[in-house]
Amino acid sequence: MVLLSFDIEEFDMPLEYKGEIPFEKQISISQTGLERILDILKKHNAKATFFSTVVFAENSKSLIERLLNEGHELASHTWFHSEFEDKHLKESREKLEELFSTKVTGLRMPRMMPVDDKEVEKAGYSYNSSINPTFLPGRYNNLKVSRTYFKEGNVTQVPASVSPNFRIPLFWLSFHNFPLSFYKKLASDTLKKDKYLNIYFHPWEFAEIKDEAFKLPGFTVKNSGKDMVERFDAFVGWLKEKGHTFGTFQEFQKQIQR
């Protein structure tokens, strides 16, 4: 099973790099990207999971309703993208459920930040996908964490996929910067070894973000916008041709619990 997921959030990454972007633009850029993602998924009849901040969801109700109506799963990306307290775990889950009358069972922390396992369980989640089990300088060192899913108390931990050899991460930056043929090779190796693939992206990658005011490094904007739309469309089509199925995290969790 291929687990496609998207962290849908206010696009505040320029602020990390001392760039400028008003709040309205943070939301509109992510909305544009989300529309493009949903169109691609609909074309290929591929299901996915969307981890949303409450801030983005409250400002994008029609898009969240669309993704739910098209059979995708809504999960929590906490309340804000750049501000966090433990209480936001439960509050964000409950707010998303209240806004959209859907069951929210999964969590992904913004920027894959560490989070207390007991707090996650206490907040009512049944799975957490907040670990990238690799080494990324200045961000995280999770080389000793399991590459594949495991149980922590009553919560299923579903780490992002990394290659079986050398733990090369298959996250969004790899997709943008590796030759697509090499990325496909890593994805194939991982699917063969693990029998599933967990890869994540963001809607703003599918929008126009090459703006000097944002001050974003080249490696974050390479193959973004329309290039990303074409690249991702081709990749999903290739996975389909190979006979792989696409599922939500909730479907995956039911499958592994059988």
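This report describes helix packing and selected residues in a predicted model.

The model is predicted, so local features need pLDDT of at least 70 and side-chain atom pairs count only at pLDDT 80 or more, while totals for chains, interfaces and linings use all residues. Residues are numbered from 1 along each chain as its sequence is written, and side-chain values use heavy atoms, with hydrogens and water left out.

## Helix α2 and its two partners

Helices (H or I, at least four residues) and strands (E, at least two) are DSSP runs, numbered from the N terminus. Helix α2 covers residues 23–44 and helix α10 covers residues 226–241. Their axes come within 10 Å and cross at roughly 25°. Axes here are lines fitted to C-alpha atoms, for helices over the stretch in contact, and angles run from 0 to 180 degrees between N-to-C directions. The crossing angle makes α2 roughly parallel to α10. Angles under 35 degrees count as roughly parallel, over 145 as roughly antiparallel, 65 to 115 as roughly perpendicular and the rest as oblique.

The crossing of α2 with α10 is right-handed. A crossing is right-handed if the near helix is turned clockwise from the far one by less than a right angle, and left-handed if anticlockwise. On the α2 side, the contact (heavy atoms within 4.5 Å) is made by Arg36, Ile40, Leu41, Lys43 and His44. On the α10 side, Lys226, Val229, Phe232, Asp233, Val236, Gly237 and Lys240 take part. Sorted by class, these are five nonpolar, two polar and five charged residues. Ala, Val, Leu, Ile, Met, Phe, Trp, Tyr, Cys and Pro count as nonpolar, Asp, Glu, Lys and Arg as charged, and the others, Gly among them, as polar.

Helix α2 also packs with α4, at an angle of about 15° and with the axes 11 Å apart. This pair, too, is roughly parallel. Here α2 passes α4 in a left-handed crossing. The residues in contact are Gln31, Leu34, Glu35, Leu38, Asp39 and Lys42 of α2, together with Leu63, Arg66 and Leu67 of α4. This contact of α2 with α4 has four nonpolar, one polar and four charged residues.

## Two helices with a buried face

Helix α4 (residues 61–69) has Leu63, Ile64 and Leu67 as its buried residues. Buried means under 20% relative accessible area, exposed over 50%, and partly exposed in between (1.4 Å probe, protein chains only). Seen down the axis of α4, the buried residues fall within an arc of 100°, so they line one face of the helix. The arc is that of the directions from the helix axis to the C-beta atoms. Ser62 and Asn69 are exposed on the face of α4 turned away from the buried side. The buried residues of α4 pack against β1 (2–8), α2, β2 (49–52), α3 (54–58), β3 (73–76) and α5 (87–100). Gly71 follows α4 and has a positive phi, near 90°.

In helix α11 (residues 249–257), the buried residues are Phe249, Phe252 and Gln253. They cover an arc of only 100° around the axis, which puts them on the same side of α11. The elements they pack against are β1, β2, β3, β5 (127–128), β9 and β10.

## Selected residues

The table lists the relative accessibility of some residues.

| Residue | Relative accessibility | Class |
|---|---|---|
| Asn45 | 60% | exposed |
| Asn154 | 56% | exposed |
| Lys195 | 61% | exposed |
| Asp117 | 32% | partly exposed |
| Thr190 | 0% | buried |

Asn45 sits in the loop between α2 and β2. Its phi is near 50°, a positive value in a residue other than glycine. Lys195, in the loop between α8 (180–194) and β10 (197–201), is not a glycine either, yet has a positive phi of about 70°.

Thr190 lies in helix α8. Leaving aside neighbours within four places in sequence, Thr190 is in contact with residues including Arg147, Ser161, Leu170 and Lys195. Asn154 is in the loop between β8 (150–152) and β9 (155–157), and touches Glu121 and Ser126, not counting residues up to four places away in sequence. Between Asn154 and Thr190 there are 26 Å in space, C-alpha to C-alpha, and they are 36 residues apart in sequence.

Asp117 belongs to helix α6 (residues 117–122). Apart from neighbours within four places in sequence, Asp117 is in contact with Glu152 and Gln157.
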